[in-house]
Amino acid sequence: MSFLSAAARRRLLPILLGQGIGIACGLLGIKLTARLVPPAVLGAYGIFLTFTSVGTGVIYAGLIKYVGRHWAAASDRASLLRVVAQAARRKLFWLLPACIPAAVFVDAHRWPAVLPLLFVTVVLLAIAALAQTALQAVQAHWRDLAVTAAGAVIRSFAPPLLYAAAGGAVLLLYTGYGLHAFVLAAVGAWFWREYWRPSASGAIAAPPEPLGQAYEGPLFIVLALTGWILLGLNRWIVAWFFGTTQTGYFSLASSLATLIPSILGTILLLYFQPGFFAAASETPVEREQLARRVDQVALLHLALALGGLLALNAVAPLLVGPLLAETYRPALALLLPAGCFTLAVTTGFFYHALLLAGKREPACGPTELTAAGILVAGGALAAAVGEAWFLRWLLATPAVPWLVNRTLARRYFFRPAAPARA
């Protein structure tokens, strides 16, 4: 990394360490889970996990973006924290109705037992996301690393160990993940304890930026709902068309294969996105330079992620024994398809950043909804034909963001801005 400045290396080091710890814990957790949890049970657990993000991915999405946008510049963060806490409490009334059908979908017979576990987990994950977003906004990467590391350890080991200790009670898997959410929220909130109460300094500070329609309106909610659907889409499709055992294989394959594109995407966005936002974009030449820069980073992500996925697929048979139990050998054929779909989703994030950087936020709606509609419809139609066609579709999905997200994002990005209303 000699081509990076000392300041850039200092900023990048905790980001890389956090992702490295996540990978290490994830791999060890996969190894442990493959030995202790049978595929059918893991399939049910995989469905449960898709619903745990309904808070961060849908209900609280706008509030999380508000914190990311305004926390660093706030002169009275204690007041801003109270604004966030009040808004978060109001949103609890939307969260419970969302969790009830989710609990029924997870387990129609034991949903009254699943519901409180799911609801508490979703709330804790929302608290953790708000805390980590604030840490990232002020580039407190070492504190963010501590939150990430604590959560990674508990997430990887608590669910399978609790499940094995209880003799195979599936609710203990859910409880273990809830423990992960508690640790994540507790450590994250602890770093902001100085803002839990109003400042005693007596200094006059500007009031916090109001939430406004941009963060509480429908745009971010719709986009977040779309992202959440994509997050769980393939597990739902596999469960619906091919059964819970196959869902268990797909869940394990997803847990392993999606590490590569998702972690690479996170590293590249954390490192390059501030530069996108700071870049000048007023003149056509400046906008062309910014769009070209986003293309370059997106291509770098594609090359690294696709290379990593192909390498993983090549060595996959060697993983049976050292990492995966023999029971999960059928999951090997699902690694590359699952990873390719995640690559398609993460590539779209770079063109979302382009539109934000170019102050074309409303264009995120038609761009991302069009791409998501193609991914959803394509997956469902392919699965209806058969499993082989479904896997072929997943392998083809990395082309979607280049044909759709990039094309539409650049069209809106270069379109002159609409005049402001009087």
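Reply: **Helix packing**

Helix α7 (residues 141-165) packs against helix α8 (residues 170-190) at about 165 degrees, axes 8 Å apart (axes are fitted to C-alpha atoms over the stretch in contact; angles run from 0 to 180 degrees between N-to-C directions). Therefore α7 is roughly antiparallel to α8 (over 145 degrees). Their crossing is right-handed (near helix turned clockwise from the far one by less than a right angle).

This is a predicted model; local features need pLDDT of at least 70, side-chain atom pairs 80 or more, while totals for chains, interfaces and linings use all residues. Numbering starts from 1 along each chain, and side-chain values use heavy atoms, without hydrogens or water.

From α7, the contact takes in A146, V147, A150, G151, I154, R155, A158, P159, P160, L162 and Y163. They meet V170, L172, L173, T175, G176, Y177, L179, H180, V183, L184, V187 and G188 of α8 (heavy atoms within 4.5 Å). By class, the contact of α7 with α8 has 17 nonpolar residues, five polar and one charged (Gly counts as polar, Tyr and Pro as nonpolar).

Now the second largest pocket. Its space is about 460 Å³. Its lining comprises 21 residues (an atom within 4 Å of a grid point). L81, V84, A85, I127 and L130 lie nearest its centre. Two elements, α5 (77-106) and α6 (111-137), each give two or more residues to that lining. α5 gives the most, eight. The lining holds 19 nonpolar residues, two charged and no polar.

How values were computed
Helices (H or I, at least four residues) and strands (E, at least two) are DSSP runs, numbered from the N terminus. Angles under 35 degrees count as roughly parallel, over 145 as roughly antiparallel, 65 to 115 as roughly perpendicular and the rest as oblique. On a 1 Å grid over the protein atoms alone, a cavity is a set of points where a 1.4 Å probe fits but cannot get out, and a pocket is an open set with protein on both sides within 12 Å along at least five of seven lines; lining residues have an atom within 4 Å of a point. Grid points are joined across faces, edges and corners, and a volume is the space filled by probe spheres set on the points.
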